[in-house]
Amino acid sequence: MNWRKKIMLHGMVWAFLIALFTLVASGGFNSSKGFYIHFINMSILNVIIFYVNLYIIIPATLNKRKFFWWFFSCFIVVVFFTLIKYAESFYMFKLSNLDITIEGKKIANEEFWANMISFFLTNGFFIFISTVYKFTVDWFFNEKEKSDLEKQSLSAELAFLKSQINPHFLFNSLNNIYSLAYQKSDATPNAILKLSEIMRYMLYESNDSRVNLAKEINYLQSYIELQKLRFREGAHVVLEVEGEVKDQVIVPLILISFVENAFKHGVATDERNPIYINISLFENTILFTLRNLKNKQNKDQTGGIGMVNVKRRLDLTYPQQYKLTVEDGEEHYFCELYLNL
């Protein structure tokens, strides 16, 4: 908030508060002119005390952890304005020709010490509320700054995790296409075409924090088609989609790692045990299920960076809103992911 807006906001708040307290103190604006002048003078002095502490004393003392000097400065200000208020009160009640009445009843000026104690306590109260105001505002902005820093840190981490996906995916896909080219397969040109379609999605459509679920599923289907091309004997994959996906959105590239692992570590050529993928929608919840027969000849049983990456992304993008179950058995691999979209 810039200074102009800040001054306007403070001015409106003080005007409202002074009008409110004047209304109460004057018995519903049923007082003499002298009362209003006296009351507003006192109010203005209180406002000055508030800002002297807020913008002069606190920055010069408390912000530098000079607690004694803050207390001492406040005491001097309280005493000084106590004398100012007494002088104003003495003038209004003793020297001016103005009547100070509420609802027609004249107000008697208090004795010297009664006035001084009253003014001293009032001034101290405004020092107190300006200090509380300062700490409250500072706490609020510190929390906001802390929250912003956390968001920036999470965004940076997500960007880093996402940046790992493309090279990881590209590395696996190029390996597959290399295998096709090495075998002089006629499917090589189609594989390159599929790869270009997938890369177009990854480069241009998956940059938002959320993407349409239908597009993400199309991306999975393209990936599966690309993978199928490298199996001469044919690959058996079942992909089922149940429920309405049209208006649902999801974090992009969050499901691909599971499918990648199924092709990398599983058996896709067994017709009796196809790679089974099911995506079911229940209102705002998606259930992603994947089951595949494990390839025992595959010596690389690690999930690589893919699974570590996807778990971390789930933690960051769906905190407390997902449940991932993985059963890594001797024969089969099974995973089930609930996402609250």
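Is R272 buried or exposed? R272 is exposed, with a relative accessible area of 73%; exposed means over 50%, buried under 20%, and partly exposed in between, with a 1.4 Å probe and protein chains only.

The model is predicted, so local features need pLDDT of at least 70 and side-chain atom pairs count only at pLDDT 80 or more, while totals for chains, interfaces and linings use all residues. Residues are numbered from 1 along each chain as its sequence is written, and side-chain values use heavy atoms, with hydrogens and water left out.

The chain is divided into domain 1 (3-163) and domain 2 (165-340), with bounds from an automatic or database domain assignment. Their C-alpha centres lie 63 Å apart.

Helix α1 covers residues 3-25; helices are DSSP runs of H or I with at least four residues, numbered from the N terminus. Its 23 residues reach 32 Å from first C-alpha to last, close to the expected 33 Å, where the expected span is 1.5 Å times one less than the number of residues. H10, W14 and T22 are buried in α1, and just after the helix G27 takes a positive phi of about 70 degrees.

A nonpolar surface patch of about 1,200 Å² includes F68, W69, I76, W113 and L121. Patch residues have over 30% relative accessible area and no salt bridge, and nonpolar side chains (Val, Leu, Ile, Met, Phe, Trp, Tyr) are joined within 5 Å. Helices α3 (67-95) and α4 (112-182) each give two or more residues to the nonpolar patch, and the largest share, 7 residues, comes from α3. I76 lies in α3 and, at 42% relative accessibility, counts as partly exposed.

The whole structure holds 4 salt bridges, a salt bridge being a side-chain nitrogen of Lys or Arg within 4 Å of a carboxyl oxygen of Asp or Glu. One of them joins D138 and K134 (3.7 Å, N to O). These two are 4 residues apart in helix α4, which means a separation of about one helical turn. D138 is partly exposed at 27%, whereas K134 is buried at 18%. Another joins K228 and E225 at 3.8 Å, N to O, both in helix α6 (residues 213-228) and 3 residues apart. R272 itself meets D270 in a salt bridge (3.7 Å, N to O); D270 is buried, with a relative accessible area of 17%.

With a disulfide taken as a pair of cysteine sulfur atoms within 2.5 Å, the count comes to 0. C74 is buried at 5%, and C335 is buried at 0%.

Key
Patch = residues over 30% accessible without salt bridge, like charges linked within 9 Å, V, L, I, M, F, W, Y side chains within 5 Å. Areas by Shrake-Rupley, 256 points an atom, 1.4 Å probe, with all protein chains shown as cover.
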